[in-house]
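Please go through the chain shown here and work out its fold, its core and a few individual residues from the coordinates.

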Amino acid sequence: MAAVTRDAFTAAAQTLRELDFTDPCPLATIALEVAGTHEPLRLATAEVFASWTDRLAAFYRAGGIAGPAAHETASSVLALLEGAFMLGRAARSTGPVLAAAKAAAAVVRAAQSDAQFDV
């Protein structure tokens, strides 16, 4: 699971480059712009992010990470990706996404390791 997560970030870095560092996640842009000013759009973006988190958590649960830990892991991984996109866009570099790939893989490995001790 850690390798799959790392590979997804590596692919995201390539996508960022292919998009010429424009907008790899329009949802994040909308969320940042409207979170404090437009409640219906804030709620809509929160719902989409929650669905992404739930799907990723299901993937991690299937790999042996317990429910609450799987959800925390998914939230952390998505936060790393979204933050890396923002930093990568600002720097016009894939470096932040590739650095976040290592961090995300470490988060997943730690959750897997913790899951082994919870049995």
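The questions and answers below go from the whole chain to single residues.

This is a predicted model, in which local features need pLDDT of at least 70 and side-chain atom pairs count only at pLDDT 80 or more, while totals for chains, interfaces and linings use all residues. Residues are numbered from 1 along each chain as its sequence is written, and side-chain values use heavy atoms, with hydrogens and water left out.

Q: Which pattern does the protein chain follow when read along the sequence?
A: Helices (H or I, at least four residues) and strands (E, at least two) are taken as DSSP runs and numbered from the N terminus. On that basis the protein chain has 5 helices and 0 strands. Read along the sequence, the pattern is therefore α-α-α-α-α.

Q: What radius of gyration does the protein chain have, beside that of a compact globule with 119 residues?
A: The radius is taken over C-alpha atoms, and the globule rule is 2.2 Å times the number of residues to the power 0.38. The C-alpha atoms fill a box of roughly 45 × 35 × 15 Å along the principal axes. For 119 residues a compact globule would have a radius near 14 Å, which agrees with the value for the protein chain, 15 Å.

Q: Which residues have the most contacts inside the largest nonpolar core?
A: A nonpolar core is a set of buried Ala, Val, Leu, Ile, Met, Phe, Trp, Tyr and Cys residues joined through side-chain atoms within 4.5 Å, where buried means under 20% relative accessible area, exposed over 50% and partly exposed in between (1.4 Å probe, protein chains only). The largest such core has 28 residues, and those with the most contacts inside it are Phe9, Tyr60, Val77, Phe85 and Val97. The elements giving two or more residues to this core are α1 (2–18), α2 (26–34), α3 (39–62), α4 (67–91) and α5 (95–117).

Q: With which residues is Phe85 in contact, leaving aside its neighbours within four places in sequence?
A: Contact means heavy atoms within 4.5 Å. With neighbours within four places in sequence left aside, the partners of Phe85 are Ala12, Leu16, Pro24, Cys25 and Val97.

Q: Is Thr73 buried or exposed, and what is its relative accessible area?
A: Thr73 has its place in helix α4. Leaving aside neighbours within four places in sequence, Thr73 is in contact with Tyr60, Ile65, Val107, Val108 and Ala111. Thr73 counts as buried because its relative accessible area is 4%.

Q: What phi does Asp20 have?
A: Asp20 lies in the loop between α1 and α2, and its relative accessibility of 43% is why it counts as partly exposed. Most residues other than glycine have a negative phi. Asp20, although not a glycine, has a positive phi of about 55 degrees.

Q: Which residues does Arg92 touch, not counting residues up to four places away in sequence?
A: Arg92 is found in the loop between α4 and α5, and has a positive phi of about 50 degrees although it is not a glycine. Its C-alpha atom is separated by 8.9 Å from that of Leu16, 76 residues apart along the chain. Not counting residues up to four places away in sequence, Arg92 touches Asp20 and Phe21.
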